[in-house]
Amino acid sequence: MKRDNTTTLKLLVEAIIVGIFTGLVVGLFRFGIEKTSAFWLDLFKKAHQNAVWFVAIVIGFIIVAVIAGYFVKQYPHVGGSGIPEVKLELQGKLSVKWFPILWRKLIGGILVIGTGLFLGPEGPSLQLGSSIGQGVGEGFKQTKTNSRVLLATGAASGLSAAFGAPLSGALFVLEEVFHNFSPRVWLNALAGALASNFVVSNFFGLHPSLAISYNHSFPLPLYWHLILLGLLLGILGHIYKLGLFSFKNVYKKITIIPRWLHGLIPLAILIPIAYFWPLITGPGNRLILSLSNTITTQGWITVGMLALFFILRISFSIVSYDSGLPSGIFLPILTMGALVGATYGTFMVQLGLMPAKLVVNLVIFSMAGLFAAIIRAPFTAIILITEMVGSLLHLMPLAVVAFIALLVDELLGGRPIYDSLAEAMQGKNGVAKASGHEDQLTVPVYESSQLVDEKVADISWPKDTLVKLIRRGSEEIIPNGQTTIAAGDMLVLAVDSGRRGQVYDEMRKLQEVELDG
């Protein structure tokens, strides 16, 4: 027991180290994006005064596309948000070298997101953190199981540092990446997330990242608006996911330029957008904060303008992300949600069905609703918006909108977007062959699992899989063939390290539920 306590404490210290380094790297990442974004906005201002500056903008965008595209060509997993890669790594289906990914994602992300494309830094921040977690695990020569815990800790720390939201960072990793509230992972992920947030707070301060001011709680007689809004967000979220996967086929048909230079396409489209509407460019935080001022000016023109901005954001976000550039969709999703809430609210105000002072509430609720529909992580959505806005006033209506939006997407046959992206990658990456080395897979047994009340000997386990240990509460059971599995058990399986991902998939089918990575 003393040895176990020492190992746990050592892992916790390493998790804090991961958090500190992640905070430093993501802090640098955010600072670089901020300065790069200011640089491009200044160039577009100068272009209004002298058209010659367009030459500098075009040349600069070409350089950005070439550098970032070349990074992705060298290491394909530098492209996109990086969250599907983290999921695959935790499942044992993917193994990447952490340092080449780390510095390319850092530089490529700063260059790409800083231009003003409708892309966000949160997914890349998560991958930066996971790379640091992987590096720390290798540096301390941790076991494969503990290395995965540190990788997950780095992912939570990265998201925490990006949003300034430590609880959401840890919760997202458990809810969306691990699909299991493992106390061991939760403890280390939260420690790392707190450490990274502490470091980043010294860069950017302690204020909420989306400090939207509102003082009115949403009245119960108007909750029917939340139902309609949730239905709308669920449908729009489903459409967004369909568009994101469908538009990839359009890029496949573009053969004039090589795939690694497809980033030139959204950057070319960005030029007129940034010239005429600089406020709506970038991840969207500036636009979200400006909405509280925009929606005070009521009128059908305002409704039309907000709807136009949403259409532009959802379409160009898809075009930007599918180009394969290093980038994320977290904050762009929140921005689209905010625009839906603002459009719906101002529309209802014009019809006389809602007071204007409550529109800002709908802006906040809609961010959580669209996030829940697309990412399929409702608990993270609720806590994330609470942390980002810095208020507990809206928990109940937030939960209502998030639940309805999630339910609508479920009824339409939607799936978590990162699961779909990860599955699309597997055909390219393949599954590692058997290596002959033992690894470990932890499987939670849920109430609905087919394993409940079954004896170990009566279950058709995946090939070359051994039930090594059963954790039941604080008790650890060394099982035999007659041991009965109970709901709430944690099964520790010994598997071949090369077949870990395959066993993961087989256990999912066996249980018909999502498992611990």
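## Overall fold

Two residues are in contact when heavy atoms of theirs lie within 4.5 Å. Among contacts in the protein chain between residues at least 6 apart in sequence, 81% join residues at least 24 apart. The model is predicted, and every value in this report is computed from it.

The protein chain has 18 helices and 4 strands. Its radius of gyration is 23 Å, which agrees with the value near 24 Å that a compact globule of 517 residues would have. Along the principal axes, the C-alpha atoms of the protein chain fill a box of roughly 75 × 55 × 45 Å.

## Surface and charge

Of the 517 residues in the protein chain, 59% are buried. The accessible surface of the chain is about 21400 Å². Carbon and sulfur atoms account for 66% of that surface.

The protein chain carries 38 positive and 32 negative charges. The mean position of the positive charges and that of the negative charges are 9 Å apart.

## Salt bridges

Side chains of opposite charge can pair when their charged atoms come close. The structure holds 7 salt bridges. In one of them, the side chains of D419 and K87 meet with an N to O distance of 2.7 Å. This pair links distant parts of the chain, since D419 is in helix α17 (residues 417-429) and K87 is in helix α3 (residues 83-91), 332 residues apart. Both D419 and K87 are buried.

A second example is the salt bridge between E410 and R376, whose closest N and O atoms are 2.2 Å apart. This pair also links distant parts of the chain: E410 is in helix α16 (residues 395-411), and R376 is in the loop between α14 (359-375) and α15 (378-389), 34 residues apart. The two partners fall into separate classes of accessibility. E410 has a relative accessible area of 46% and is therefore partly exposed, while R376 has 14% and so counts as buried, the cut-off for buried being under 20%.

E423 forms a salt bridge with R415, and the closest N and O atoms of this pair are 2.9 Å apart. E423 is partly exposed because its relative accessible area is 41%. R415, at 31% relative accessibility, also counts as partly exposed. Salt bridges that share partners join K241, R376, D409 and E410 into one network.

## Helix α3

How many residues of α3 are buried? The helix is mostly covered, with 9 of its 9 residues buried. These are I83, P84, E85, V86, K87, L88, E89, L90 and Q91. The list includes K87, the residue that pairs with D419 in a salt bridge.

G92 follows α3 and has a positive phi, near 85 degrees.

## L28 in helix α1

L28 lies in helix α1, which spans residues 2-49. With a relative accessible area of 46%, L28 is partly exposed, because that class runs between the 20% and 50% cut-offs.

Which residues does L28 touch, not counting those up to four places away in sequence? They are L106 and I110. L28 and I485 are 457 residues apart along the chain, and their C-alpha atoms are separated by 48 Å.

## Positive phi outside glycine

K141 is not a glycine, yet it has a positive phi of about 55 degrees. K141 is found in the loop between α5 (122-139) and α6 (144-163). Is K141 buried or exposed? Its relative accessible area is 76%, so K141 is exposed.

D453 is also not a glycine and has a positive phi, of about 70 degrees. D453 sits in the loop between β1 (438-444) and β2 (466-472). With a relative accessible area of 61%, D453 is exposed, because the cut-off for exposed is over 50%.

Key: Residues are numbered from 1 along each chain as its sequence is written. This is a predicted model: local features need pLDDT of at least 70, side-chain atom pairs count only at pLDDT 80 or more; totals for chains, interfaces and linings use all residues. Side-chain values use heavy atoms; hydrogens and water are left out. Helices (H or I, at least four residues) and strands (E, at least two) are DSSP runs, numbered from the N terminus. The radius of gyration is taken over C-alpha atoms; the globule rule is 2.2 Å times the number of residues to the power 0.38. Buried means under 20% relative accessible area, exposed over 50%, partly exposed in between (1.4 Å probe, protein chains only). Accessible areas come from the Shrake-Rupley method with a 1.4 Å probe; for residues, only the protein chains shown count as cover. Lys and Arg count as positive and Asp and Glu as negative; His and the chain ends are not counted. The place of a charge is taken as NZ of Lys, CZ of Arg, CG of Asp or CD of Glu. A salt bridge is a side-chain nitrogen of Lys or Arg within 4 Å of a carboxyl oxygen of Asp or Glu.
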